[in-house]
Amino acid sequence: MDVIRIKGGRPLKGRITAGGAKNSVLPIFAACLLTEEECIIRNVPDLSDVRYMGRILEHVGASVVEEGDGVWRIRAQEVRSEAPYELVRKMRASICLLGSLVGRLGEAKVSMPGGCVIGPRPIDLHLKGLRKLSCKVDVEAGYLQVDGSNRRGGGVFLGGRYGSTVTGTANLLMAAVTTPGTTRIECAACEPEIVDLCAVLGKMGAQIEGVGSPTLIVHGIDALRGVDHTVIDDRIETGTYLIAAALTGSDLEVKGAPPSMLGALHDKMEEAGVDLIYREGLWTVHASGPRIPVDLITLPHPGFPTDLQAQMCTLMAVTPGISVLTERIYPNRFMHVSELQRMGADLAIEGASCIVKGVKKLSGAPVMASDLRASAALVLAGLVADGDTWIQRVYHLDRGYQRMDEKLRDVGASVERLPAAEMPKHLLGED
Ligand code: EPU
């Protein structure tokens, strides 16, 4: 297992490029099961979650070929309807198979996904949606069994207590595209990754109206065809590097997702005194001026994304003054807080909010990554901390950031990935 060592205090300079969006690729890979024709997916990031999704597709019978340069060829001539626990438990996004198997075969048997460190992640809305399509849904011995042989279009309100559901919308869309009649989804997720999935389904022949809005209307068709699609850039990776530039007071260029996908972050950064310009696919950050603390609340898109809350917490941790970061998607998603405290951050959790009192300096420490975005927040903290920061369990980072250590090194940061054995023994945490 690897660890990352960061020597803080170096400004970043040059250009950093975000890859394809992980949270687009995962449901799009699942959508490839909807057709027996070949699908070519481009701009696929090299991430452990993506490779894992490839393995799951192979398990249900697809041929999955990684051609290099981010191009994957997927062909599901024949598909099995069962996804077992051993596969599903390791990655929650494998629940996307549910919709695509129902859409392709009219039935699915998928293990219930397990727990998750960022808090409870129920799938009641996914199941409600399928039931509204007249699917018979049973939970038996840890498996979801869906019989959609008599499915037909229907209307469903897909909102829950935290708003819309991203993978729930993806699942219902994939089931609905081949469901006879018309399906109307209210309170559908409007995230760019859902728009990207709709673009793929549209190219495959699906008839979807209202793309990008909370009301999606799907007219079922008999069969879908193959597709050649380039995945959108990752808005969360892009946003993470924009925050890194702000944090280190650097003049940095970031190539990645456009402002239409990052409006809430753009707005907050401006409020925080960070100068951001986007032109022809490139963000330019000027962050040498004083920073101002900002409050934020995470919300479904186009609100502030929960997947950037931890990184903003790091930024605010070294911004003079008090800021309040409130989670409205995952009220317990504050695993980064205790590790940032170990680096000297002054943070307090009050219900679903983190109260941040900006300190002058963080100091390097051995810390433990706990989930993907919490890991990113720790890497960012390491960039500005005095001394060395050692991050353990970096496999969390590799799930969603392609070669983050290399990318940051290329713009001047001192970030090294080392075998855990090279970490001084007295710094090692329990693993
Ligand atoms: N929810 C329910 N019932 C459901 C489904 C969701 O109550 O049936 C609740 C959840 O508990 C949560 C809220 O609704 O409070 C939103 O959950 P959602 O279903 O939208 O999340 P998800 O689809 O499981 C995706 C991303 C997450 C991202 C969230 C929110 C993928 C593979 N994952 O998860 O990404 O945080 O949307 O935007 O697309 C990450 O990349 O680090 C990550 C966790």
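Visitor: Is Thr-179 buried or exposed?
Guide: Thr-179 is buried, because its relative accessible area is 0%. Bear in mind that this is a predicted model.

Visitor: Where is Thr-179 found?
Guide: Thr-179 sits in the loop between α6 and β11, the latter covering residues 182–186.

Visitor: Which residues does Thr-179 touch, not counting those up to four places away in sequence?
Guide: With those set aside, Thr-179 touches Leu-133, Arg-151, Arg-152, Gly-153 and Gly-220. There is also a polar pair: a polar atom of the Thr-179 side chain lies 2.7 Å from the backbone oxygen of Ala-175.

Visitor: On to the ligand. How many residues surround the ligand, and which are the closest?
Guide: The ligand is surrounded by 23 residues, and the closest are Thr-165, Val-166, Thr-167, Asp-307 and Ile-329.

Visitor: How do the residues of that shell divide into nonpolar, polar and charged?
Guide: The shell around the ligand has 11 nonpolar, 6 polar and 6 charged residues.

Visitor: Which atom of Val-166 lies 2.7 Å from an oxygen atom of the ligand?
Guide: For Val-166 it is a backbone N or O atom. Lys-22 has a polar side-chain atom 3.2 Å from an oxygen atom of the ligand, and for Arg-333 an N or O atom in the side chain is 3.2 Å from a ligand oxygen.

Visitor: And how much of the ligand's accessible area does the protein cover?
Guide: On its own the ligand has 830 Å² of accessible area, and the protein covers 91% of that.

Visitor: Which elements give two or more residues to the shell?
Guide: Those elements are α1 (22–31), α5, α6 (166–176) and α12 (372–384). Of the elements, α5 gives the most to the shell around the ligand, with 3 residues.

Visitor: Different topic. What does UniProt list for Cys-116?
Guide: The unreviewed UniProt entry lists Cys-116 as "modified residue: 2-(S-cysteinyl)pyruvic acid O-phosphothioketal".

Visitor: Where is Cys-116 found?
Guide: Cys-116 is in the loop between β7 (107–111) and α5 (124–132). Cys-116 counts as partly exposed because its relative accessibility is 27%.

Visitor: Which other residues does UniProt list for "binding site"?
Guide: The unreviewed entry also lists Pro-122, Ile-123, Asp-124, Leu-125, Asp-307 and Ile-329. Asp-307 and Ile-329 are also among the closest residues to the ligand in the model.

Visitor: Is Arg-92 buried or exposed?
Guide: Arg-92 is buried, with a relative accessible area of 16%. The place of Arg-92 is the loop between α3 (85–88) and α4 (97–105).

Visitor: Then where is Asp-124 found?
Guide: Asp-124 is in helix α5. At a relative accessible area of 47%, Asp-124 is partly exposed.

Visitor: Now Ala-245. Which helix holds it?
Guide: Ala-245 belongs to helix α8, residues 235–248. Ala-245 is buried, as its relative accessible area is 0%.

Visitor: How many residues apart in sequence are Ala-245 and Ala-287?
Guide: Ala-245 and Ala-287 are 42 residues apart in sequence, with C-alpha atoms 6.8 Å apart in space. Leaving aside neighbours within four places in sequence, the contacts of Ala-245 are Ser-250, Leu-252, Val-285 and Ala-287.

Visitor: Last one, Gln-207. Which strand is Gln-207 found in?
Guide: Gln-207 is in strand β12, residues 207–209. At 42% relative accessibility, Gln-207 counts as partly exposed. Its C-alpha is 5.8 Å from that of Val-218, which is 11 residues away in sequence.

Notes. Residues are numbered from 1 along each chain as its sequence is written. This is a predicted model: local features need pLDDT of at least 70, side-chain atom pairs count only at pLDDT 80 or more; totals for chains, interfaces and linings use all residues. Side-chain values use heavy atoms; hydrogens and water are left out. UniProt positions are given in the numbering used here, feature names are shortened, and annotations may be inferred rather than shown by experiment. Helices (H or I, at least four residues) and strands (E, at least two) are DSSP runs, numbered from the N terminus. Buried means under 20% relative accessible area, exposed over 50%, partly exposed in between (1.4 Å probe, protein chains only). A residue is near a molecule or strand if one of its heavy atoms lies within 4 Å of it. A polar contact is a pair of N or O atoms within 3.5 Å; within protein, one must be able to donate a hydrogen and the other to accept it, and residues adjacent in sequence count only if both atoms are side-chain atoms. Accessible areas come from the Shrake-Rupley method with a 1.4 Å probe; for residues, only the protein chains shown count as cover. Ala, Val, Leu, Ile, Met, Phe, Trp, Tyr, Cys and Pro count as nonpolar, Asp, Glu, Lys and Arg as charged, and the others, Gly among them, as polar. Contact means heavy atoms within 4.5 Å.
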